[in-house]
Amino acid sequence: MLNLRTCATKLRPLTASQTVKTISQHRPAAPRTFQQLRCYSAPVAAEPFLSGTSSNYVEEMYYAWLENPKSVHKSWDIFFRNANAGAAPGTAYQSPPPLTTSLSILSQTQSLVQAQPNVDKLVEDHLAVQSLIRAYQIRGHHVAQLDPLGILDADLDSSLPADIITSTDKLDLAVFKERLRVLTVGGFYGLDESDLDKVFHLPTTTFIGGNESALPLREIIRRLEMAYCQHIGVEFMFINDLEQCQWIRQKFETPGIMQFTNEEKRTLLARLVRSTRFEEFLHRKWSSEKRFGLEGCEVLIPALKTIIDKSSEKGVDYVIMGMPHRGRLNVLANVIRKELEQIFCQFDSKLEAADEGSGDVKYHLGMYHRRINRVTDRNITLSLVANPSHLEAADPVVQGKTKAEQFYCGDTEGKKVMSILLHGDAAFAGQGIVYETFHLSDLPSYTTHGTVHVVVNNQIGFTTDPRMARSSPYPTDVARVVNAPIFHVNADDPEAVVYVCNVAAEWRSTFHKDVVVDLVCYRRNGHNEMDEPMFTQPLMYKQIRKQKPVLQKYAELLISQGVVNQPEYEEEIAKYDKICEEAHARSKDEKILHIKHWLDSPWPGFFTLDGQPRSMTCPSTGLNEEDLTHIGQVASSVPVEDFTIHGGLSRILKTRGEMVKNRTVDWALAEYMAFGSLLKEGIHIRLSGQDVERGTFSHRHHVLHDQNVDKRTCIPMNHLWPNQAPYTVCNSSLSEYGVLGFELGFAMASPNALVLWEAQFGDFHNTAQCIIDQFICPGQAKWVRQNGIVLLLPHGMEGMGPEHSSARPERFLQMCNDDPDVFPKLDDFDVRQLYECNWIVVNCSTPANFFHVLRRQILLPFRKPLIIFTPKSLLRHPEARSSFDDMLPGTHFLRVIPDSGPAAQNPEQVKRVLFCTGKVYYDLTRERKARQMEADVAITRVEQLSPFPFDLLQREAQKYPAAELVWCQEEHKNQGYYDYVKPRLRTTINRGKPVWYAGREPAAAPATGNKKTHLTELQRLLDTAFNLDAFKDLA
Ligand SMILES: Cc1ncc(C[n+]2csc(CCOP(=O)(O)OP(=O)(O)O)c2C)c(N)n1
Ligand SMILES: [Mg+2]
């Protein structure tokens, strides 16, 4: 018998124009490792002319014909029909009709085909079987037995697929007949009961045959049911990559592939014991404490451990995890291996907090742990990122941290560092951030090269039934957008779970793409342990009460298989219970809760051993002249050969060059200087956000594009110094929540990086509000974790309408933790005040100050988030320039810029001090000049709004004893800075004087949409600012 090689090309109908040559070109060079090598015994194999390479061609042709007889030439059609109908070798072939077809030959050909009455049926049956196989691959998961409770089926699509046979009793003939009848009536396959024992050839797109190339239909159906309709539902046929689909088919279809050794079974049982007994222990000791236990999904622990073991085996040595409340303590104890006494002591209400800050509840804290993986004997670091209650908010943060860890260890393909994200079913479907995070998964500057997602799908969200919580059949459908395979698995079948987790980890290490494991389980208790689930889910919970715990079920199974015996099982339980009891006894010695022990991202070396900054000073943020000039020159040139830039850009670079010659900088150059100098000092810089490479306002141009060569780019910032740190500048997806979360996570990984996120316009940060409110503002207070992320928020009232105008300074200022009524008792405001604040908020009015504040961010001995309201029109404002002199060594960031004109020279004569911040300063100075009031009115710029420069402003106020104090802003009165500044200014002067307001009226919208109104409002506020009688009647 002749062996015909199989081929992995897609079985698609061949068109008449396809020649032997093109077919062979399409064939992959070498067979993939997952391919089966099959002995193929097609009827045509015995043909005498089939030898050598021609057999490949014929095989291709044969498969194409099986799929669609019309896709091959008529002569081949006839040949295959004859061969399949049993024509003797040598007789099946008939020479094709000549081009001038004679009727007589045609009729001869047809008569032979007609003489084989079974041929049509045979072909149709083969096609039917192929369709049937494909139907199982596509829709088998809809009938898989996924729900341990047997109530909901896990997918909300209740219609049974009409094209698969779902005799769950494994070909119970009566059921099968009925089903078959329905299918026949539905016109699907035309198969018959009598076909059950006929043998059919299997296409290359299935692996159910194992070493067989053909099987009886009965066996085909049985094997398909085994692969696709048991406790695992595989969703993957939407993936449009043949290799990936073949890989998955092989993993689930190959007969007997899901076998476990006794050793593996015992390990699995031991892990289930730990998971189950941990929750039981907590329940016994603290029955009235909320812990969001894992009961009903105890299998999560072996599932995660399997993913970690397999990944470790594949070379991963650092796993970063994010997860919600459910089962978190159990994961900390049994996956991350946090000391049990550290967990138990948190249940003690008398425990005092050792660290400053608010702390957080125990099921939100993070963790970092390095240990040996017992299965692989390799080192592994596990980090669970601290998270807020806001479900799924940690997803992008985990991704960002993972990307950073990969970046810093040169892991460009994600082979050493990976992330695992856990989700609840309701949150996974409901929270948009999940979608945003998925869309980062394959972007070059954001990919972490595959995340394993695990859904604890307990088929309920608090009290809400899935049918009210999502419109998609599964909670996991969101993953389909990135072609992630989705493995649904019945969580009461621990071996199926472990199998699926192994496959998921292998998928990740093979294809470096996301994958989802959907653990279909139940929630034994209410939402938390105090909740009564019967109020809202009475039937479900009646069923849950009857449900045997998975540990018990699995132990019984293994005992019945003789893998363990009862005493061994009991001993395993007793052993773990003892571990818990002993840890509990030790936990009573803990008197103080050290949140620092729960840090998810320690920064070794950055702090002293007891976690303090190494100094409380900040060196000058100035830079020497040569470096300023050098950076300026690179910023105004194209540092590679033969690179054609756009003419407009040439002009911009030329202007930059002239500025450098004149020793001045504008905004873009100041940023360049700050970045370039930090790169020289080994500080990695990452600037991310929408269109940041060019800059929304076309001022930055950090990536040059060759006008003649597609995709050829150049980043001059990376051509500054011989051993500089790398500069990453990346346009992001159109997301704020996801991308800001990602950058926050990136900034968590190292203190020696300046990570900046720029909003397209400042107001768009509100779609990332959760990251700001939950992480950036209170992160250190909750989790003792510092973070130096920088937010660049374009802000300014420029007549562009209610959107695009305001970065909402009022919101950031309202969340600052400095006390408006207390003048701080500090020797050193410059650094100490920064150390004590929760974040720094600035609005710089000069490029030099912008330069200094960026550099200060890194030169400080600690890290705080920095919010910068950045200008728009000032980017090109001729007065918004700074001299090199303001950036040289010895210079530093100015928290306040006092007036330096005639008013400052004669302060006693000054009638009014206008305090302001940001761009309005330029409007005020222009107006003051026009009104010739330079000696009457001083203008003081508050560059650092928070922490509030009490000390400097006190000095300013005292300098002008006769002056009225006015806060002037261009924003509306209920917005901007006024509410924040006023009480603090009053504190600086001991409430000795009023602080008046010159600015826009209160309003609901941030700005008018009408240009004329905008200008009228501006003029009105300037009038008030310079009308020295404006507040007379109010005094
Ligand atoms: C963004 C957000 N909205 C609402 C809540 C309140 N909440 C806490 S848990 C929960 C139900 C979550 O259900 P699911 O995701 O299925 O997880 P489970 O509790 O079932 O494990 C809700 C609505 C929250 N924590 N976060
Ligand atoms: Mg749920």
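Which residue has a polar backbone atom 3.2 Å from a nitrogen atom of ligand 1? In this predicted model, that residue is Leu391, whose polar backbone atom stands 3.2 Å from the ligand nitrogen.

## Surroundings of ligand 1

Besides the backbone contact from Leu391, side chains also approach ligand 1: an N or O atom in the side chain of Asp425 is 2.5 Å from an oxygen atom of the ligand, and a polar side-chain atom of Asn458 is 2.9 Å from a ligand oxygen atom. Taken on its own, ligand 1 has 580 Å² of accessible area, of which the protein covers 75%.

The shell around ligand 1 consists of 15 residues, and the closest are His325, Arg326, Asp425, Ala426 and Ala427. Sorted by class, this shell holds eight polar, five nonpolar and two charged residues. Helix α14, which spans residues 425-430, supplies three residues, the largest share of the shell.

Asp425 and Ile460 link distant parts of the chain, since Asp425 belongs to helix α14 while Ile460 sits 35 residues away, in the loop between β9 (451-457) and α16 (466-469).

Are Asp425 and Ile460 buried or exposed? In this model both of these residues are buried.

## Glu582 in helix α20

Glu582 is part of helix α20, which runs over residues 566-587. Although Glu582 and Glu341 are 241 residues apart along the chain, their C-alpha atoms are separated by 8.6 Å.

Strand β6, comprising residues 367-373, pairs with strand β7, comprising residues 378-384, in the antiparallel sense, and the pairing extends over seven bridges. Asn373 has Arg378 of β7 opposite it.

The two strands β6 and β7 form a hairpin in which four residues lie between them, and within this turn Asp377 has a positive phi of about 60 degrees.

Definitions and conventions:
Residues are numbered from 1 along each chain as its sequence is written. Chains are lettered from A and ligands numbered from 1 in the order in which they are written. This is a predicted model: local features need pLDDT of at least 70, side-chain atom pairs count only at pLDDT 80 or more; totals for chains, interfaces and linings use all residues. Side-chain values use heavy atoms; hydrogens and water are left out. A residue is near a molecule or strand if one of its heavy atoms lies within 4 Å of it. A polar contact is a pair of N or O atoms within 3.5 Å; within protein, one must be able to donate a hydrogen and the other to accept it, and residues adjacent in sequence count only if both atoms are side-chain atoms. Accessible areas come from the Shrake-Rupley method with a 1.4 Å probe; for residues, only the protein chains shown count as cover. Ala, Val, Leu, Ile, Met, Phe, Trp, Tyr, Cys and Pro count as nonpolar, Asp, Glu, Lys and Arg as charged, and the others, Gly among them, as polar. Buried means under 20% relative accessible area, exposed over 50%, partly exposed in between (1.4 Å probe, protein chains only). Two strands pair if DSSP finds at least two bridges between them.
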